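Reader: Could you walk me through reading a sheet and the helices around it?
Author: Gladly; let's look at the structure together.

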Amino acid sequence: MNFDLQPSHLQNQLLKLIPLQETDFEELYTVANDELLWEQHPNKLRYQKPVFQNFFEGAIESKGAFFIREATTNEPIGSSRFYDYNPETNSVLIGYTFIGRKFWGNGYNKALKKLMMDYAFQYVDTIYFHIGANNIRSQKAMEKIGGIKIDEFEVEYYGEESKLNYIYQINKN
C-alpha cells in the first residue's frame, strides 16, 4: 500500500480534512487574516495577504495540504499538511498547521493531530513535527500528545528565510 499524502476521506466528529485546492485561497485567508494567530509563529507576518499567498502556494505545491473544516457546519478552521514522506526511514512530517483562534482550546488541534497520526501510522513507524522555537503554545500541545523533542535546526520555509525549529517525534506504538 502506498502512502497517499492527500487522502480525501479523513474525518472525525469535530473536523474533516479536504485536499487543498487553489480555489480555497480566499476562504482560507479569512481564517489566516488574524495577526494574533501568528504571534508565536516563526513567520509573524503570515496574516498579511502577500505573505499568506506565498505560504498557500507552498501548500498547493506540496501536494499534501488540507483545508480543515468543521465537521457539521463546514466552517473553515485552518490548514495542515503531510510532507517529506521517507520510505527508507519509514517516516513522514506533519506540519504547517494553523487553526483559527475561535477553535483554540476546544479539542480541535488534538482531534486534528489524532486523525492525521492514525492515518499516517498505517504506513509509517515515525512521525516528525517541526515546531517554531518561539511557539510555546504548539510545543506544549505537542508534549500533551506524546511528542518528544529530539533536535533543533533551521527550517527553510517555501520562499521565506529559514527559522529555528524544534523537531518533535512520535513513534508508532
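Author: What follows goes from the sheet to its helices. This is a predicted model, where local features need pLDDT of at least 70, side-chain atom pairs count only at pLDDT 80 or more, and totals for chains, interfaces and linings use all residues. Residues are numbered from 1 along each chain as its sequence is written, and side-chain values use heavy atoms, leaving out hydrogens and water.

Reader: In what order do the seven strands of the open sheet lie?
Author: Strands (E, at least two residues) and helices (H or I, at least four) are DSSP runs numbered from the N terminus, and two strands pair if DSSP finds at least two bridges between them. Here the order is E1-E2-E3-E4-E5-E7-E6, with mixed pairing. Strands E1 (15-19) and E6 (148-156) stand at the edges with a single partner strand each, so one side of each lacks a neighbour in the sheet.

Reader: How do E4 and E5 run, and how many bridges join them?
Author: E4 (residues 91-99) and E5 (residues 126-132) run parallel, joined by three bridges. Leu93 stands opposite Tyr128 in E5, and Ser91 opposite Thr126. On to E7: seven bridges join E5 to this strand, and the two run antiparallel. Phe129 faces Tyr168 of E7 there, standing opposite.

Reader: Which handedness does the unit of E4, H3 and E5 have?
Author: A crossover is right-handed if, with the strands pointing away from the viewer, the path from the first strand over the helix to the second runs clockwise. E4, H3 and E5 make a right-handed β-α-β unit.

Reader: Why is E5 called largely enclosed?
Author: Buried means under 20% relative accessible area (1.4 Å probe, protein chains only). Six of the seven residues of E5 are buried, so the rest of the structure largely encloses this strand.

Conventions: Buried < 20%, exposed > 50% of the residue type's maximum accessible area, 1.4 Å probe, protein only.
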